[in-house]
Amino acid sequence: IRRPIVVLDGPAGAGKSTVARMLARELELPFLDTGALYRAVAYWLQRQKVPPEETPDLESRVLSLGVRLEGERVLVGQEDVTAAIRTEAVDRIVSLYAALPSVRRGLLELQRSQAEQGLVAEGRDMASVVFPRADVKVYLTASPQVRARRRHEERLAAGQTSDYEAILRQVEERDRIDSSRECAPLRVDEGALVVDTSDLSLPEVVDRLRRAVEGRV
Ligand code: C5P
């Protein structure tokens, strides 16, 4: 049987990574976190002092960074950036670089090339741009307060300092940039199953999505 392509889009903190990872494990499919790719590119370009502005050579520059995935690890060239891309500093800048069309073009083939064995992929434009012919499209969402609360608790659980109000403002700001950008904005694709996770437990969400996949392939 053909391996399905299952995609999850939605705003920051809706639970996409956790849900998609668990779903992939249950369905025995590879998992693709596309946010990690945008984070790696943003982190690296900023380190190279490339400002978040469109320039003619930016796409080839992104391609030449050599962003790669090795299981759960994210590499840029030979350097493992898995931990470095999960900081508040990267949270603050990633949407600025992700809004640039040439950055998005530079990551398109890498994302599509991961789908040969089917996959569960999560991001912002999975259904609309990267995998428009996906077997199952899901839009996962939750209220900004619930999403900020989750991120806050994650940080505290990881032993980091955290400020709920600051996270809430940042969640809202990132939503605003991701939804209003001209290139591949975050939106609900027609054909997507919309799941609001505000009042659902993690197993409930995963179960609902697994049934949606089983019903369609
Ligand atoms: O999902 P995550 O929070 O790691 O994504 C970080 C940022 O990367 C998002 O806020 C968005 O700006 C960008 N992104 C994107 N398209 C994707 C995945 C992430 O623009 N497919």
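Q: Which residues come nearest to the ligand?
A: In this predicted model, 15 residues lie around the ligand, and R39, R104, R174, D178 and R181 come nearest.

Q: Which atoms of R39 and R104 face an oxygen atom of the ligand at 2.7 Å?
A: A polar contact is a pair of N or O atoms within 3.5 Å. For R39, a side-chain N or O atom is 2.7 Å from an oxygen atom of the ligand. For R104, a polar side-chain atom lies 2.7 Å from a ligand oxygen atom.

Q: How is the angle between α2 and α4 to be read?
A: Angles of 65 to 115 degrees count as roughly perpendicular. Helix α2 and helix α4 (residues 88–98) pack at about 95 degrees, with axes 8 Å apart, so α2 is roughly perpendicular to α4. From α2, the contact uses Y38, R39, A42, Y43, L45 and Q46; from α4, it uses V90, D91, I93, V94, Y97 and A98. By class, these are nine nonpolar, one polar and two charged residues.

Q: How do α2 and α5 cross?
A: The axes of α2 (residues 34–47) and α5 (residues 101–112) come within 11 Å and cross at roughly 135 degrees, which means that α2 is oblique to α5. The crossing is right-handed. T34, L37, Y38, V41 and L45 of α2 meet V103, R104, L107, L110 and Q111 of α5. This contact has seven nonpolar, two polar and one charged residues.

Methods: Residues are numbered from 1 along each chain as its sequence is written. This is a predicted model: local features need pLDDT of at least 70, side-chain atom pairs count only at pLDDT 80 or more; totals for chains, interfaces and linings use all residues. Side-chain values use heavy atoms; hydrogens and water are left out. Axes are lines fitted to C-alpha atoms, for helices over the stretch in contact, and angles run from 0 to 180 degrees between N-to-C directions. Helices (H or I, at least four residues) and strands (E, at least two) are DSSP runs, numbered from the N terminus. Angles under 35 degrees count as roughly parallel, over 145 as roughly antiparallel, 65 to 115 as roughly perpendicular and the rest as oblique. A crossing is left-handed if the near helix is turned anticlockwise from the far one by less than a right angle, and right-handed if clockwise. Contact means heavy atoms within 4.5 Å. Ala, Val, Leu, Ile, Met, Phe, Trp, Tyr, Cys and Pro count as nonpolar, Asp, Glu, Lys and Arg as charged, and the others, Gly among them, as polar. A residue is near a molecule or strand if one of its heavy atoms lies within 4 Å of it. A polar contact is a pair of N or O atoms within 3.5 Å; within protein, one must be able to donate a hydrogen and the other to accept it, and residues adjacent in sequence count only if both atoms are side-chain atoms.
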